[in-house]
Amino acid sequence: MTAMLASVNSLAEALLVEAAAVDIIDLKQPARGALGALDVAVVAEIVRRMQPGSCVSATIGDLPMQPELILPAVQAMAATGVNYVKIGFFPGGDWQTCIAGLQTLAEQGVALVAVLFADTRPDFSIIDVLAKAGFRGVMLDTADKQLGSLTRLMTLDELQMFVDRVASLGLLSGLAGSLRVGDVAGLVQLSPDYLGFRGALCREHSRTAQLDVAQIDKLRQHWRALAY
Ligand SMILES: O=C[C@H](O)COP(=O)(O)O
């Protein structure tokens, strides 16, 4: 079964999606960018307040791929006790040195999820490198939220190739990027481990607005009705 991830930007929103039995509670500040980070102290407080057994991820922000920025940010976020730390692989910078440093953190037990951006046309061969470095998961998202759904940027065949490659290496696969209710039926057929949402769950589908319980319920009901 494909799980549901919801990005939230506060304790109140985290409690709301926890009550809605969302599978992965993803801590993020969308007002700060595609992978905008929440302050570490806020993340630590939310982690403390979640039920034991909840699955919580957090992003480190839209940082350039510079090891002196990425590595301390990952260490600080990991120290909050989140289950997964998500790192956006933006174009440019020094991916090789970042991955080498992240491998050391993975060896120390930090659970890392790489986020690749469909609108930057990533080379999927990086997935093999990430697996060798000890990443636990790789997801596809979108950096430019004006471009619409992930499903407009990549074909279902391309997305299937991504999911299959990630799964073949034993990693978690995730798909996100302005996904809407209408995207779910097609994407669950690809069997990713999870689908991620923010905009679709907010008032007027604006990812920087507050979460809207009615939108969460609508998505959950649609998902259940698929009975896949
Ligand atoms: O990790 C998932 C993202 O927060 C998805 O956000 P979005 O649906 O607004 O693109």
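## Overall fold

The protein chain has 9 helices and 8 strands. These are DSSP runs, numbered from the N terminus: H or I of at least four residues for helices, E of at least two for strands. The radius of gyration is 16 Å, close to the 17 Å from the globule rule for 228 residues, so the chain is as compact as a globular protein of that length. That radius is taken over C-alpha atoms, and the rule is 2.2 Å times the number of residues to the power 0.38.

This is a predicted model: local features need pLDDT of at least 70, side-chain atom pairs count only at pLDDT 80 or more, and totals for chains, interfaces and linings use all residues. Residues are numbered from 1 along each chain as its sequence is written.

## Packing

The C-alpha trace spans about 45 × 40 × 30 Å along its principal axes. Of the 228 residues, 40% are buried (20 or more other C-beta atoms within 10 Å; exposed means 12 or fewer, partly exposed in between; C-beta atoms are placed from the backbone).

## Ligand shell

The ligand has 16 residues around it, with Ser7, Ala176, Gly196, Arg198 and Gly199 coming nearest. A residue is near if its C-beta atom, placed from the backbone, lies within 6 Å. Strands S1 (3-8) and S8 (194-197) are the elements that give two or more residues to this shell.

## Trp223

Trp223 sits in helix H9 (residues 213-226). Trp223 counts as partly exposed because it has 18 C-beta neighbours inside 10 Å. The C-alpha atoms of Trp223 and Gly199 are 17 Å apart.
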